[in-house]
Amino acid sequence: MKLTETKQGQKVKIVDVNAPLFLRRRIFELGFSPSTVVFVYAMQRKGIGGVYAVRGAVLGVDKKIAKNILVEPI
Amino acid sequence: MNKIFLVGLANAGKSTIFNKLTGSDVHTGNWHGVTVNKAVATCNINNQKYLLTDLPGVYGLTPFSPEEAVTVREILNNQDSIFVNVIDANNLERSLNLTLQLIELGLRVVVALNFIEDSKKRGVEINLSALSNALGVEVLGLEINTKNLYKNFSKLISRAKICDKPNYLKDWNLEEPVQFVGKYCDTSFALYNGIRLREGASDDLWNCEIPLSLQSKLKNFALFDGLKIITNTRTNEVNKILNKCLKSKAKNPYGSSKFDKIFLNKITAIPVFLSIMLVIFYITFGFFGDFLSNLTNYFFVDFCGGGLIKLMENLSAPIWLVGFVNQVLIGGVGSVLSFLPQVILLFLFLEILEQSGYLSRLAWLLENSLSKFGLSGRSIFSLLMGFGCSTTAIPTTATLQNGRARTKTVLLIPFMSCSAKLPVYSAIAGAFFGAGSVLVIFALYLLGIAVALLLAVVWQKIYPTLSSEEIVEFTPLRMPKFRKLLQNIFKNIYQFLSRIWTVLLACTIIIWLCNNFTITFQFITNETQVSILETISKLIAPIFAPLGFGWGAVCALIFGLVAKELILSGIAVLNGVVGSAVAGSLISGSIVTFTPASCLAFLVFCLLYSPCVSALSQLKHIVSKRVFWGYIFLQFAIAYGLGALTYLIVDLVGYIGGLEFAWLIFASVCVILCLEYSLICLLNKNTCASCRRCDFQRK
């Protein structure tokens, strides 16, 4: 499933990121690396995307990026 | 001289350490990417001189933005130096990725762990010796606020040694790509480029010129899904290190705070933001700001200035000298100084917003709205700073990763009414609208935003910004430090005042000379003689007739090009008045006089025409020559067009009284802004998102 399909308060695990190499590396470096647990932290407002807690940091991720992050529920 | 580099993630506290060690004054804040360029200073450590360099924050050794490229370039070009990896203990897990990348290159790395006390409060306890053993480099706790900072830092530097490369590098079989790439680049870059090749980033090699005929071979060095394999290896290594060194984990692992539930909540976020902005605006420009302003005006102009004039008269000083002191020192500079409290308040609130960490949340909230205009969420920081001073706001755009978004932000900042324009608005609007002047000033601020948004949309249609920054990191919410607040405010105020005493004083003297001497350079003693200023301004004045400006107003506008503060001081000198008397002189028939219609046209023109010389010089560094001159012409055309339109409409409607008329102006601007925003939303409904998505997929 995509990160955008998660619900607030849900915990998921990153499977992979579908993006061009430079962006994929950036997303990995920011903490969304495979097998990392992500907590869906705050609003998933229309058009804005979501706020996710990952590796001790809280990150706001744009919807068009978040939909390329593949996750699985845990 | 030996070199030391401070490297680390953004917002780890590198610049604060740099400032403490070198006594420098590099700007710091609770915001990612505050440092946009390297800062260098000498530092005496263990009786040896070092060149200490503060580098912009990076997440890894592959640059993603211009300021990250500065860091990577410095690291790769100075591999024999000492690298102090500054790590925020609250962010240890993510920071170790960069540490591993530095160790992989076999650099002389030491780790300075920062904010240990903060992390203890969150329940995280780190065993420093275990972390040091696991990493194979020296690790030391380095609390910025303790007196032992210098001692600990010296200890850390003395223990720096070339670290052993980690064992996992063998799994990537780097010998072959390193050997190949080593033939075409400096040997010091070979390992770095070898890892890039294994990741599959053959287009992204550092200072490496591979012959065209061999470039097809590069892809053969890539591992299958190399980036994922390399990332996974590093992540597993980080997890192993954490298992060894973490005594206890955070009670609240997601770093959330109670305030974040309000600041990021989909219902409360926007109202909270608007409320904060309204409170700031009301305190700065409302009763409190006015009270402080009047108090300062009384002190500088009435008490000090008045006393000085009396003293000079008692000492029988020449009339021209009394006139000079009265009109230039007290009238020109003093009337602008009286607005100092409002400028201080504005800087204070902006500093609090920045240091508390609220600005990063604000950037996220506005990312979607601003992307419609081709701007980034981070642009809001620079645009807000523009309300303080365009000259200081323009350099902050260097943190924007998107080049076009940056250019657009830079070009829009001058439309945000800067603090130097406030004295002009207050005096002129105060003269004509009395109690309603606050509404008129607010309307002017909104008009500036409306024009900026309209331009942004037009530019977005002509030069679309194809992608925006998609991930924003929220810095921890921290209580602003009183000392740091004062430090930054003093720095900003010093800049503001130094401009008054240099450019402003010089120009006020020129205005006074031009106003008191004839073209043959004779002192004017009777009203029949024509001053230099009058001659020049009368030549240009007919151009401004459609806006209802006399030659005096034109003259004030000319000096406003040098610094916006000069408009008011120029009017004071021209009308021969001091301090708060400027407002009264605008109605009662002096050289610079206005009707309600021309007053509003003048305010609109002041708001929209070219920024001051110092802001323009900043702008020139960022945009091309063609864009620069085109922009100046565009600003003049917009200011002239809207000024003439305002004059025409107000003249037709007629003046119906102070407060009521002010409400009418305010309501009109609000309606214009709402209509504009609705229209933009409607236009973007089916195009913007899909356009950006297409670009994203094309990449």
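1. **Ground rules.** Residues are numbered from 1 along each chain as its sequence is written, and chains are lettered from A, with ligands numbered from 1, in the order in which they are written. The model is predicted, so local features need pLDDT of at least 70 and side-chain atom pairs count only at pLDDT 80 or more, while totals for chains, interfaces and linings use all residues.

2. **Chain A in outline.** Chain A has two helices and five strands, where helices (H or I, at least four residues) and strands (E, at least two) are DSSP runs numbered from the N terminus. Read from the N terminus, the order is β-α-β-β-β-α-β. Of its 74 residues, 55% are buried; a residue is buried if 20 or more other C-beta atoms lie within 10 Å of its own, exposed if 12 or fewer, and partly exposed in between, with C-beta atoms placed from the backbone. Among contacts in chain A with a separation of 6 or more, 54% join residues 24 or more positions apart. Two residues are in contact if their C-beta atoms, placed from the backbone, lie within 7 Å.

3. **Val54(A).** This residue sits in strand S3 (residues 50-54) of chain A. Val54(A) is buried because 22 other C-beta atoms lie within 10 Å. Leaving aside residues up to four places away in sequence, Val54(A) touches Gly31(A), Phe32(A), Thr36(A), Val38(A) and Leu59(A).

4. **Two positive phi values to look at.** Most residues other than glycine have a negative phi. Ser35(A), in the loop between helix H1 (21-29) and strand S2 (37-42) of chain A, has a positive phi near 75 degrees. Ser35(A) counts as exposed because it has 12 C-beta neighbours inside 10 Å. In chain B, Asn173(B) has a positive phi near 45 degrees and lies in the loop between helix H6 (149-158) and helix H7 (175-182). Asn173(B) counts as partly exposed because it has 13 C-beta neighbours inside 10 Å.

5. **Chain B in outline.** Chain B comes to 31 helices and nine strands. Buried residues account for 48% of its 699 residues. Of the contacts in chain B with a separation of 6 or more, 72% are between residues 24 or more positions apart.

6. **Helix H3(B).** Helix H3 (residues 92-104) of chain B has 13 residues and spans 18 Å from its first C-alpha to its last, close to the 18 Å expected at 1.5 Å a residue; the expected span is 1.5 Å times one less than the number of residues. H3(B) is mostly covered, with 13 of its 13 residues buried. Just after H3(B), Gly106(B) has a positive phi of about 70 degrees.

7. **H13(B) against H15(B).** The axes of helix H13 (residues 287-314) and helix H15 (residues 340-356) of chain B come within 7 Å and cross at roughly 140 degrees. H13(B) is therefore oblique to H15(B). Axes are lines fitted to C-alpha atoms, for helices over the stretch in contact, and angles run from 0 to 180 degrees between N-to-C directions. Angles under 35 degrees count as roughly parallel, over 145 as roughly antiparallel, 65 to 115 as roughly perpendicular and the rest as oblique. Gly289(B), Leu292(B), Ser293(B) and Thr296(B) of H13(B) meet Leu340(B), Pro341(B), Gln342(B) and Leu345(B) of H15(B).

8. **Leu608(B).** Helix H27 (residues 596-608) of chain B holds Leu608(B), which is buried because 24 other C-beta atoms lie within 10 Å. Leaving out residues up to four places away in sequence, Leu608(B) touches Phe415(B), Val451(B), Gln635(B), Ile638(B), Ala639(B) and Leu642(B). Its C-alpha lies 8.0 Å from that of Pro414(B), 194 residues away along the chain.

9. **The largest nonpolar core.** A nonpolar core is a set of buried Ala, Val, Leu, Ile, Met, Phe, Trp, Tyr and Cys residues joined through C-beta atoms within 7 Å. The largest one has 213 residues, and the members touching the most others are Leu59(A), Val84(B), Ile428(B), Phe602(B), Leu603(B) and Phe605(B). Helix H21 (residues 437-462) of chain B gives the largest share, 13 residues.
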